[in-house]
Amino acid sequence: MADDVTSAIENEIRDNKIMIYMKGNPTFPQCGFSAATMEIFHEIGKPFHTVDVLSEPAKRDAIKRYSNWPTIPQVYIGGKFVGGCDIVREMFTTGELQKLVVDAFSSH
Amino acid sequence: MAEGKTPVEATREARLRERVRHGLAAEHVELADESGRHVGHPGAAGGAGYYHVVVVSPRFVGLDRVARHRLVYEAVGDLIPDEVHALAISAYAPDEWRARKA
């Protein structure tokens, strides 16, 4: 029963080691939480892919349902849901996030 | 409630606090209104609140971060997104909280 939007999300999460659903884009984030998340991933320095949910309203609703998570941004690493801004920030502070990224990029 | 808050804001905060406390059998809840940091943001223009909540609950024991945050979101329920535009969450099990304070 996967609709088109859900299939698109599944593909994005599968095809990108780091996939981020955010408001705005990496250069011009449209929300403080998305901006903070971008800072962290710029710092990490590995390639990541983003979708601007403000320009894709259907995807904004779909990703919330898909992740069972009511807020944006949402971060997927290695095909797995990691969380939103708070969790990413916490994991960056402890070094868990960097490890997750290294693991994702070293697996095939 | 804190001075300078409108009745709507005060009620919203009280409900948010109560839902978190009750829904998670929380031992401790701290709520900070961070709407001031988001002035001019499209979401803030609608008057919806930006909050940071610190929750200490025995329900978090043994759960990872995602599961903890999902429980908080569940407890907050339909206050998101109309009344609560964004919620930063710090979720601790009681022993983690005590270790942090020590």
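What covers the buried residues of helix 1 of chain A? The cover includes strand 1 (18-22), strand 2 (49-52), helix 3 (57-67) and strand 3 (74-77) of chain A. Contact here means heavy atoms within 4.5 Å. Buried means under 20% relative accessible area, exposed over 50%, and partly exposed in between (1.4 Å probe, protein chains only).

This is a predicted model, in which local features need pLDDT of at least 70, side-chain atom pairs count only at pLDDT 80 or more, and totals for chains, interfaces and linings use all residues. Residues are numbered from 1 along each chain as its sequence is written, chains are lettered from A and ligands numbered from 1 in the order in which they are written, and side-chain values use heavy atoms, with hydrogens and water left out.

**Helix 1 of chain A**

- Helices (H or I, at least four residues) and strands (E, at least two) are DSSP runs, numbered from the N terminus.
- Helix 1 of chain A covers residues 4-15, and at 1.5 Å a residue its 12 residues should span 16 Å. The expected span is 1.5 Å times one less than the number of residues. The end C-alpha atoms are 16 Å apart, which agrees.
- A:Thr6, A:Ile9, A:Glu12 and A:Ile13 are buried in this helix. They cover an arc of only 120 degrees around the axis, so they sit on the same side of helix 1 of chain A. The arc is that of the directions from the helix axis to the C-beta atoms.
- A:Asp4, A:Arg14 and A:Asp15 are exposed on the other side of the helix.
- A:Asp3 caps the N-terminal end of helix 1 of chain A. One of its side-chain oxygens lies 3.1 Å from the backbone nitrogen of A:Val5.

**Backbone geometry**

- Most residues other than glycine have a negative phi, and most peptide bonds are trans.
- The peptide bond from A:Ile72 to A:Pro73 is cis, with omega near 10 degrees. A:Pro73 lies in the loop between helix 3 and strand 3 of chain A.
- In chain B, the peptide bond from B:Ile80 to B:Pro81 is cis, with omega near 5 degrees. B:Pro81 belongs to the loop between helix 3 (65-76) and strand 3 (84-92) of chain B.
- A:Asn68 is not a glycine, yet its phi is positive, near 50 degrees. The loop between helix 3 and strand 3 of chain A holds A:Asn68. A:Asn68 is exposed, at 52% relative accessible area.
- B:Ala25 is not a glycine either, and has a positive phi of about 45 degrees. Its place is the loop between helix 1 (7-23) and strand 1 (28-33) of chain B. B:Ala25 counts as partly exposed, at 37% relative accessibility.

**Chain B as a whole**

- Chain B has 4 helices and 3 strands. Their order from the N terminus is α-β-α-β-α-β-α.
- Of its 102 residues, 45% count as buried.
- Among contacts in chain B with a separation of 6 or more, 66% come from residues 24 or more positions apart.
- The accessible surface of chain B is about 5,400 Å², and 51% of it belongs to carbon and sulfur atoms. Areas come from the Shrake-Rupley method with a 1.4 Å probe; for residues, only the protein chains shown count as cover.

**B:Gly77**

- B:Gly77 is in the loop between helix 3 and strand 3 of chain B.
- B:Gly77 is partly exposed, with a relative accessible area of 30%.
- B:Gly77 and B:Arg19 are 58 residues apart along the chain, and their C-alpha atoms are separated by 8.4 Å.

Terms used: A polar contact is a pair of N or O atoms within 3.5 Å; within protein, one must be able to donate a hydrogen and the other to accept it, and residues adjacent in sequence count only if both atoms are side-chain atoms.
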